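Could you walk me through this structure in my viewer, telling me what to select at each stop and what I will find there?

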Amino acid sequence: MDTTFLLTGLASVLAAAGPILFAVIGETITERAGIINLSMNGMILITAMGGFAVAYQSHSILLGFLAGAIIGALVALIVAFSSITLKQSQVAVGFVLALACRDLSYFLGVPYMNQPGPRLPAWSIPGLKDIPILGQLLFRQDLMTYLSYLIIFLAWLYIFRTRPGLTLRGIGERPAAAFVRGANVTRLRYIYTIVGGAIAGLAGPAYSLNIKGGWMGIQSGLDGIGWIALAITIFGGWNPLRAAFGAYLFAFLQWLGLVLQSRLPNIPSQVLQVAPFPLMILTLLLVNIGNAEWIDRTLAALPERTRRLIARILRSMRASQPASLGVPFENE
Amino acid sequence: MKKNIWVNTAFQVGALITAFLLSTLLLVAAGAPPFKAYAAIFKGALGSIGNVENLLISWLPLLLTTAGVLITFSAGLWNIGVEGQMTLGAIFTTGALRLLQNTSLPPGTIIVLGILAGIIGGALWAGLAGVLKTFGGVNEIFGGLGLNFVATALTIYLVFGPWKRPGVGSMSGTQPFDQSLWLPSLPNTELSPWALGLSILVIVVVYFLLRGTYFGLRLKAVGKNPKAAYLMGVPTWQYSVFAFLLCGAFVGLAGAIQVTSVYHRLLPNISGGYGFLGLLVAMLINYQAIWAAPVAFFFIGLTTGSVQLQVLYKLDSSFAGVLEGFLVLMVLMGEGVRQRLVKKT
């Protein structure tokens, strides 16, 4: 395995993680506000189809991405309206939309199947592209991939280093406290769900106008990616940096699956591609188990020093979900 | 009180009509004559004996997954891992049949053992999600989602790895079993009276379990308000885990039936979306087991009948999924609107 092969491979991993990053960062923002948008799987498909259709009709890639963001925001609006205003289960509405939007995209996408359409051109960043190794790895991509790098840091900065970000975390953790401090919980939850949906809505066009280059209906192979994105959001512990790590790990293992298939024909590539999921469940278990009550009881029976040690290890791993995730808010 | 029932019904009917109107608009937008299209779906579902047989064959697994998730929904659990549980049922059944097919046991015994293995497989996979939730604090939606992918990976590994066909493994699945290991079916069809009987038995059991037993009452108490149930002396975590096990057993049976009576082998994606569709059915009927059989029948009729749209109008058969989704979404939203209006007056 020579260096060039490795570098091109890793560069393709960074590009392949782009759409997943949009979905994961969008969902992270939504869930930080206390809303689960479970519709991601349908959202990616319908924005992929819709974005391609608009770009195909208007010959404008920009309009295609814009359409993706608008459709994503609309789907998120249905989730927000049904759960916040109509007080229905977020999970139920999101789940129905996940299935219905997927089928809707197959149904409406028939005229655009396998049509040659516009595709985002590659664009190396002048200057940066000539940095040894890093240039080849990071800066000979396309605009959407650059945007996907940026959005990780922007989202992290916003959530953890700004005042509105603090309020965002507040309405997901203790909405009542945030309300008393003057935050309009209902309005903010609407806004963040829609913004998260718009960001996630870029994922579909990033596939159909960039990576996959077109709409192939059920053959697009996009069904399932939204569920993966939801899983990575949890894996990321509602932190954009950790979520980005999850998305890159996933794309890397997928690439590894393809590479290893020619070398190890005994292991089907699909097995390596889903290897992150047992890992994800294990991570979830490790970060959550410190919250379980039986652990406290078991620990209490142990000698003092051992107990402190275990308690410290558990605390360092703990990353609970936003405390009010999925819980409706009523201001009396 | 009586007036309320009429208002509820009016809202539900209104929601269903809205969903149909939206779907009809979609058909018009796609350039198909809507009434002829609905007629084609109807004919595709029930037009001939062959069609009805196919409908019934697909109805059974949906009935079982619906029955399963009715139990977990009653316990207040969102068992999204139902697809993986069905897959594990199919894997365990295939494993048992492979293990026993060359022994001297009579074929009937092997089939029964195979189906039991499938039930155990589904229950174990569901139990894992339940244990992760109760002892590990892992939300059942997230745990179930992950376990679905693990189940898919396991199937693919088996189909391409240890259980691959002589020669080379392929997406078409493992080597089909000998005909003596097929669940007996009606002549010239894959419809098995055994599978039909078992599935109907399960939904009847679920109906009475939830409606007329102490167990069902306590299960619903755990679902509605676990803290109150716990204070009343209901062993809450045991009930949650048991709900998962029971659901997994029913769904595992669906996987076992797909292997022994429909495909006679293990395929990738053998759960075929029945688990997710079962969740939709359960939501549409508002968790009332009495409606499970007819609504599941209606959904499967839409799904099998919609293939005609592809043949006649070059439309995608996913129209069925769109209509099913709209129906559930509109009923959910209609219920929300009703609650808002009732509260105000």
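Start by selecting helix H6 of chain A, residues 143–161, in this predicted model. How far apart should its ends be? At 1.5 Å a residue, its 19 residues should span 27 Å, and the end C-alpha atoms are 26 Å apart, so the two values agree.

Keep H6(A) on screen and colour its buried residues: A:Met144, A:Thr145, A:Ser148, A:Ile151, A:Ile152, A:Ala155 and A:Ile159. An α-helix has 3.6 residues a turn, so residues three or four places apart point the same way. Now bring in what covers those buried residues of H6(A): the cover includes helices H1 (3–32), H7 (163–173), H9 (185–200), H10 (203–211) and H12 (240–263) of chain A.

For a contrast, stay in chain A and click on A:Leu77, which sits in helix H3 (residues 61–85). Is A:Leu77 buried or partly exposed? It has 15 C-beta neighbours inside 10 Å, so A:Leu77 counts as partly exposed.

Along the principal axes, the C-alpha trace of chain B spans about 70 × 60 × 30 Å. Buried residues make up 54% of chain B. Of the contacts in chain B between residues at least 6 apart in sequence, 78% join residues at least 24 apart.

The mean pLDDT of chain B is 90, with 98% of its residues at 70 or more. Within chain B, confidence is lowest in H6(B), at a mean of 86, and highest in helix H4 (residues 82–100), at 95. For the model, ipTM is 0.90 and pTM is 0.90.

Now zoom in on H11(B). Here 10 of the 11 residues are buried, so the helix is largely enclosed by the rest of the structure. Among the buried ones are B:Tyr274, B:Gly278, B:Val281 and B:Met283. Just after H11(B), look at B:Asn286, which takes a positive phi of about 50 degrees.

Show both chains: 43 residues of chain B are in contact with 36 residues of chain A. On the chain B side, the elements that give two or more residues are helices H5 (107–136), H6 (140–160), H11 (274–284) and H14 (319–344). Which of them gives the most? H14(B) does, with 14 residues. By type, this side of chain B divides into 29 nonpolar, 11 polar and three charged residues.

Finish in the largest nonpolar core, which has 207 residues; A:Ile20 and B:Leu253 touch the most other members. The largest share of this core, 16 residues, comes from helix H10 (residues 236–263) of chain B. Select B:Leu253 and look around: leaving aside residues up to four places away in sequence, it touches B:Leu64, B:Gly89, B:Ile115, B:Gly118, B:Ile119, B:Gly122, B:Leu198 and B:Val202.

Definitions and conventions: Residues are numbered from 1 along each chain as its sequence is written. Chains are lettered from A and ligands numbered from 1 in the order in which they are written. This is a predicted model: local features need pLDDT of at least 70, side-chain atom pairs count only at pLDDT 80 or more; totals for chains, interfaces and linings use all residues. Two residues are in contact if their C-beta atoms, placed from the backbone, lie within 7 Å. Helices (H or I, at least four residues) and strands (E, at least two) are DSSP runs, numbered from the N terminus. Ala, Val, Leu, Ile, Met, Phe, Trp, Tyr, Cys and Pro count as nonpolar, Asp, Glu, Lys and Arg as charged, and the others, Gly among them, as polar. A nonpolar core is a set of buried Ala, Val, Leu, Ile, Met, Phe, Trp, Tyr and Cys residues joined through C-beta atoms within 7 Å. A residue is buried if 20 or more other C-beta atoms lie within 10 Å of its own, exposed if 12 or fewer, and partly exposed in between; C-beta atoms are placed from the backbone. pLDDT is the predictor's confidence in each residue, from 0 to 100. The expected span of a helix is 1.5 Å times one less than its number of residues.
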